[in-house]
Amino acid sequence: MSGAAQIFQTQTNATQLCSSSLGRHLFKWYSLIEDECCLLLSCRGALPPTWRQEDFRIRKLIAASEYPLLSKDELRLRILDDVLQATLDIITAMADGLSTVPELNRATGDRRAEIIAHLESTMIYIINYVQSLRNSQLVMPLIQTFEVGFPWKSKHSTCCPELPFPPFRFAYPPAGMIFICLEAIRLYVTVHLPYIRALTRSRLSSTHLSRQPE
Amino acid sequence: MNIYDGLYTSPETSPFPLFRTPRPIHDDLIPFFLSYHRQNINYGRYFWYSDPHQFIKESLLDLTKQSESLQYAVAAFSALIYSIQVDQRMKRFTFLFYSKAIQELRQAINSSSINSEASMCTTVATILELASIEVCYITWGQKGLMISALSLMSLNAFDM
């Protein structure tokens, strides 16, 4: 993957690559594999985040001119693709946060405090990003749900507990993937944030104790 | 779809055995695997969430016409899926095509021929296709594709 990143950086630039349909597809493919590698290996991506920002910017530009020309079905598919790409853009921040965790275990003193602060701000940024995307005018109608209106029955209804929430359907079922991605990212960060906050508190209290006059 | 459709398996069954250029049998299978890719493999196999422009079904296969290394890489991926869906014995073609793709890719990179946008795209597509094979293989809990491919290469167990 670093080879692909190197070719991108030496042979083209983000604007040129994302200006063609083929280039955007290759970049999407690259991003998906890079995301998987970064999350599994807890490392940063090989391309600077500006490449994703440029991809997002160009997609947005093209959307403005192309969306009105698409049929209803094509439009929904296209929005789904663009929104999912925007959702997964946050993975660079997640990978950045994850890659600092091993250093956190080794660091002490001010450096440790810096890493904790960086992690906390990264996590808050991710939660805010996911929240704002979910509440955006483009995503809200896409992930609209309606209640099924009857108890969910399956072949496991007799042996397994009931669903912990009322069953619902998506008005546009393929958009369920956006919902799952956004929820998965939000839950992942929400679960880990208290640990980082606890580290901040313990550091603050130890600093406070050490500075108290004898 | 049968892997042996349109192929002869022995010189006796070939209509023109004397005039045929000798080629490794696995190269003859490339059209089969590319066709299998077109008909049976969709974006989900690449862990894509959507593909409104039919990149996986169409554009990628169109790109293979411009690059041998990409052709081998796509055939390798297709062979892997074929081995999962139809016949497990065909997995060896994944390794064969994977190794060939790496060889061709190395040649393309060493010859500094990545000077046009088209060749840059096919080179990157080959790398991504090979990476997708690894991701697929690891995801399905069968680690060691790289090791198998590399050991095959070092043994030179097949004609290149």
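Begin by selecting A:S42, which sits in the loop between α3 and α4 of chain A; helices here are DSSP runs of H or I of at least four residues, strands are runs of E of at least two, and both are numbered from the N terminus. The model is a predicted one, in which local features need pLDDT of at least 70 and side-chain atom pairs count only at pLDDT 80 or more, while totals for chains, interfaces and linings use all residues. Residues are numbered from 1 along each chain as its sequence is written, and chains are lettered from A and ligands numbered from 1 in the order in which they are written.

**The loop residues**

Although A:S42 is not a glycine, its phi is positive, about 50 degrees. Most residues other than glycine have a negative phi. A:S42 counts as partly exposed because it has 13 C-beta neighbours inside 10 Å. The terms rest on C-beta atoms placed from the backbone: a residue is buried if 20 or more others lie within 10 Å of its own, exposed if 12 or fewer, and partly exposed in between.

Next, select B:Q54, in the loop between α2 and α3 of chain B. B:Q54 is likewise not a glycine and has a positive phi of about 55 degrees. With 12 C-beta neighbours inside 10 Å, B:Q54 counts as exposed.

**Helix α4 of chain A**

Select residues 50-66 of chain A, which form helix α4. Which residues of α4(A) are buried? They are A:W51, A:R52 and A:D55. Seen down the axis of α4(A), the buried residues fall within an arc of 95 degrees, so they line one face of the helix; the arc is that of the directions from the helix axis to the C-beta atoms. On the face turned away from the buried side are the exposed residues A:T50, A:K60, A:L61, A:A64 and A:S65. The cover over the buried residues of α4(A) includes α2, α3 and α6 (91-106) of chain A.

**Helix α7 of chain A**

Move to residues 109-134 of chain A, helix α7, which has 26 residues and reaches 38 Å from its first C-alpha to its last. Buried in α7(A) are A:I115, A:L119, A:M123, A:I126 and A:V130.

**Where the chains meet**

Colour the two chains separately. In the contact between them, 19 residues of chain B meet 22 residues of chain A, two residues being in contact if their C-beta atoms, placed from the backbone, lie within 7 Å. On the chain B side, α6(B) gives the most, with ten residues.

**The nonpolar cores**

Select B:A76, B:A79, B:F97, B:A101, B:V124 and B:L128, the residues with the most contacts inside the largest nonpolar core, which has 50 residues. A nonpolar core is a set of buried Ala, Val, Leu, Ile, Met, Phe, Trp, Tyr and Cys residues joined through C-beta atoms within 7 Å. The largest share of this core, ten residues, comes from α4(B). Apart from this core lies another, of 22 residues, among them A:C38, A:L98, A:I126 and A:I185.

Definitions and conventions:
Expected span 1.5 Å × (residues − 1).
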